[in-house]
Amino acid sequence: LTRSQGVREFYPAWSPDGRWIACYSDGSGDYELVLIDPTGKEKPRAVTSGHKVWKYPAVWSPDSQKLLFSDKNQLLQYVDLKTNKIVVIDRADQEEITDYNWSPDSRWAVYTKNGANGLYTVWVYSLESGKARQLLSSRYHNHSGSFSRDGRYLYFLSLRDFNWTFSDFEFDYIYNKSTRVYAVTLTRDAPPLLPD
């Protein structure tokens with residue numbers, strides 16, 4: 001698809017509508033987000049510029065209008081492809097945000113961010129209000145938030161099983177098999193996931 005001599009291009013992501021492939025390219029001298037026409041009819045379109053920092057993979061919104069990405073400056077942000085405007089969603093205070101996704105209606109972003117206690121937990125951001133909020137307690141390590149297709153539930157992984165046992169190799173106690181899949185309801189009318 002590309003034959004750019006001396007240019008590194010990576011992290012390809014196909015838009016849900018099939019019109020574009022987003023990737024990073026260092027053709028400008030910095031790693032920038034670029035849109036490539038898979039048919040080759042249109043020239044590549046730069047989406048970001050002047051970003052002198054490493055970026056993590058971009059995730060398309062389901063409506064193919066926005067790209068969510070984070071960088072080594074610990075910023076989580078999205079770019080609106082109609083305006084090329086970049087909106088900062090949140091900033092981590094310890095480690096980069098590398099786990100993020102969209103709601104099915106493209107109106108919310110879900111992501112994992114470290115808390116003050118060093119544990120990670122799930123946050124959500126409303127594009128409508130422009131506000132982020134912590135969705136789950138930071139008492140446990142929670143991550144990998146994912147909306148259900150109907151938008152009524154949020155699934156996530158959580159390390160909250162404390163199976164204490166003695167190690168066969170080290171003279172010490174260990175906790176293993178601590179992770180399970182959990183779900184929270186996001187609407188008042190959401191029926192129970194598991195019948196009684």
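# Notebook: strands, cores and turns

The model I consulted is a predicted one. β10 and β11 run antiparallel and are joined by seven bridges. Five residues lie between the strands of this hairpin, and Gly-118 takes a positive phi near 90 degrees there.

**Entry: the next hairpin.** I followed β11 to its pairing with β12 (residues 131-134), which is antiparallel and has four bridges. Val-124 has Arg-133 in β12 as its bridge partner. The hairpin of β11 and β12 has four residues between the strands, and in it Gly-130 takes a positive phi near 75 degrees.

**Entry: burial of β11.** I asked how many of the residues of β11 are buried. I found that seven of the seven are, so the strand is largely enclosed by the rest of the structure.

**Entry: contacts of Tyr-125.** I set aside residues up to four places away in sequence and listed what Tyr-125 touches: Tyr-78, Val-87, Ile-89, Arg-107, Trp-108, Ala-109, Tyr-111, Gly-130, Lys-131 and Ala-132.

**Entry: nonpolar cores.** I recorded 15 residues in the largest nonpolar core. The members that touch the most others are Leu-68, Leu-76, Tyr-78, Ile-89, Tyr-100, Tyr-111 and Tyr-125. At least two residues of this core come from each of β7 (75-80), β8 (85-91), β9 (100-102), β10 (108-114) and β11 (120-126). Apart from this core lies another, of 14 residues, including Phe-10, Trp-20, Trp-60 and Val-79. As background I noted that nonpolar side chains tend to be buried together in soluble globular proteins.

**Entry: a four-stranded sheet.** I traced an open sheet of four strands in the order β5-β6-β7-β8, with antiparallel pairing. Which strands stand at the edges? They are β5 and β8; each has a single partner strand, so one side of each is left without a neighbour in the sheet.

**Entry: pairings within that sheet.** I took the pairings in turn. β5 and β6 pair in the antiparallel sense over two bridges, and the bridge partner of Val-59 in β6 is Leu-68. β6 and β7 are also antiparallel, over five bridges. Here Leu-68 stands opposite Tyr-78 in β7, and Lys-66 has Asp-80 in β7 as its bridge partner.

**Entry: burial of β6.** I found five of the five residues of β6 buried, so this strand is largely enclosed by the rest of the structure. Both faces are covered: Lys-66, Leu-68 and Ser-70 are buried on one side, and Leu-67 and Phe-69 on the other.

**Entry: two serines with positive phi.** I noted that most residues other than glycine have a negative phi. Ser-64 has a phi near 60 degrees, a positive value in a residue other than glycine. I located Ser-64 in the loop between β5 (59-60) and β6 (66-70); the hairpin of these strands has five residues between them. Is Ser-64 buried or exposed? Ser-64 is buried, because its relative accessible area of 7% is under the 20% cut-off.

I next examined Ser-144, whose phi is also positive and near 60 degrees. Ser-144 lies in strand β13 (residues 141-147). With a relative accessible area of 29%, Ser-144 is partly exposed.

**Entry: Ile-174.** I found Ile-174 in strand β16 (residues 173-176), partly exposed at a relative accessible area of 32%. Leaving aside neighbours within four places in sequence, Ile-174 is in contact with Asn-163, Trp-164, Thr-165 and Ser-167. I also looked up its separation from Leu-33, 141 residues away along the chain: the two C-alpha atoms are 43 Å apart.

**Entry: the chain as a whole.** I counted 17 strands and zero helices in the protein chain. The C-alpha trace spans about 60 × 50 × 30 Å along its principal axes. Of the 196 residues, 39% count as buried. The chain exposes about 12000 Å², of which carbon and sulfur atoms supply 49%. Among contacts between residues at least 6 apart in sequence, 33% join residues at least 24 apart. I recorded 24 positive and 24 negative side chains, the centres of the two sets lying 5 Å apart.

Key. Residues numbered from 1 in each chain as written. Predicted model: local features only at pLDDT ≥ 70, side-chain atom pairs only at ≥ 80, totals over all residues. Heavy atoms only, no water. Buried < 20%, exposed > 50% of the residue type's maximum accessible area, 1.4 Å probe, protein only. Contact = heavy atoms within 4.5 Å. Areas by Shrake-Rupley, 256 points an atom, 1.4 Å probe, with all protein chains shown as cover. Lys, Arg positive; Asp, Glu negative; His and termini not counted. Charge placed at Lys NZ, Arg CZ, Asp CG, Glu CD. Core = buried A, V, L, I, M, F, W, Y, C linked by side-chain atoms within 4.5 Å. Pairing = 2+ DSSP bridges.
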